[in-house]
Amino acid sequence: MRIKFSEKINKIIKNLALEAKNFGVKIYFVGGLARDVLMGINPCDIDILVEGNAIDFVKSLNFAQIKSQHLDFGTIKAQIEGIDIDFASTRVEIYPFPGCLPKVQKIGCNIKDDLIRRDFTINSVALEITPDLDFKIIDPYFGQKDIKERTLKVLHDKSYIDDPTRILRGLDFKLRFKGFDFSENDKKLIKNSLKTPNREHLSKDRVILTLNKLFSDKSRAEKAFCEFVDKEYYKILFDYFPASKSNIKKAFRIFTPENTAQVYVKYILQIGQNPSGEALKAQMSNSRLEIYKHFKNLPQEDICLYYALTLDKKALLYQRELKDIKLNIAGRDLLALGFSKGRIIGEILDKVLRKKLAKNSTIITFEDEIDYVRKTFIP
Ligand code: ATP
């Protein structure tokens with residue numbers, strides 16, 4: 001099969017294929033890149049799998065600038081003609097305990113043994129890179145059939161137990177690629193794995209990383225959250241999860257934060273660890289100045305999260321009435337009016353701000369503020 005790359009990439013890949021032949025290794029596109037190509041999606045990043053030791057291979061190239069390497073995993077990042085390329089060695093991995101990070105058992109195994117450690121059959125297809133750029137499809141686990149049938153299937157029945165983040169990765173693929181869904185067998189496997197989740201050795205960091213990826217796309221984040229709750233995927237982390245889908249939906253609608261993942265992931269961790277929202281309410285009076293000062297320096301994501309957890313009306317007031325109010329005058333303007341340096345400057349600025357924050361305030365422009373200072377503080 002052919003892949004539409006730019007002339008420059010074609011030249012690099014061709015050179016790599018020739019070098020690999022001389023070096024005595026086979027090289028492949030795998031994972032997301034192979035899957036995307038087979039689905040007709042143009043690839044963005046170039047990752048190459050070396051059937052053997054990728055570090056030895058890349059070090060043998062005189063046209064590659066090495067950027068970093070990871071001896072334990074046999075991975076190496078290099079730059080070739082200005083393009084960053086990740087190279088990985090084929091490897092066998094094992095899971096000593098359910099949910100923990102995998103251990104590399106062997107580097108440089110055959111391609112079939114590498115492909116079987118993958119998450120889904122759709123990600124277990126390899127495209128062998130040859131100098132004629134006519135990529136040969138290696139598909140021992142029938143990934144092409146599942147791509148065609150838009151089915152998410154793990155490669156063995158213990159897969160979700162070994163690594164529950166695959167449930168979340170699957171959900172991400174399901175929402176990202178139209179028409180995809182878990183196979184009926186996978187739905188059962190997921191349900192079973194969640195019945196008795198084994199969290200003792202769970203790599204929480206990896207779960208959080210995967211959640212961040214799942215919730216990073218604004219257009220899918222809400223759907224992802226609803227399935228996360230409805231299908232009880234939270235059981236990967238917690239037994240009990242009293243989330244309110246409507247509260248978080250409402251918070252997103254009102255506060256429209258840029259970084260959706262940050263809000264959802266913090267919300268999930270907070271609700272799972274300590275579900276009592278009331279206790280999280282910030283202690284502050286009803287003073288508009290105090291409310292303004294409390295929220296002013298917080299990122300929109302934090303205010304959205306706070307509201308989703310507490311439904312505190314003060315956050316709403318800030319968002320709707322106070323957020324965009326800013327003082328136009330600064331200390332230097334007061335000095336120019338004849339005030340002397342010192343605490344008084346801060347006190348006057350605070351008083352002008354308090355006046356501006358008042359409901360239906362008529363102080364809006366720079367001139368209004370100066371006028372107010374003159375009338376109020378200059379005898
Ligand atoms: P995309 O980058 O388009 O989101 P991807 O599948 O390439 O998709 P990566 O997270 O970069 O995403 O993973 C690269 C490949 O590594 C996957 O295609 C898959 O084969 C393998 N992989 C990633 N995570 C896991 C996992 N938890 N278990 C098994 N294999 C995995």
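A: Start with Lys 213: an N or O atom in its side chain is 2.6 Å from an oxygen atom of the ligand. This is a predicted model; local features need pLDDT of at least 70, side-chain atom pairs count only at pLDDT 80 or more, and totals for chains, interfaces and linings use all residues. Residues are numbered from 1 along each chain as its sequence is written, and side-chain values use heavy atoms, with hydrogens and water left out.

Q: How much of the ligand does the protein bury?
A: Taken alone, the ligand exposes 590 Å², and the protein buries 71% of that. Accessible areas come from the Shrake-Rupley method with a 1.4 Å probe.

Q: Which elements give two or more residues to the shell around the ligand?
A: They are α2 (31–38) and α7 (165–176). The largest share, five residues, comes from α7. Helices are DSSP runs of H or I, at least four residues, numbered from the N terminus.

Q: Why is the ligand said to lie between domains?
A: Domain 1 (7–149) and domain 2 (151–237) both give residues to its shell, so the ligand lies between them. The bounds come from an automatic or database domain assignment.

Definitions and conventions:
A polar contact is a pair of N or O atoms within 3.5 Å; within protein, one must be able to donate a hydrogen and the other to accept it, and residues adjacent in sequence count only if both atoms are side-chain atoms.
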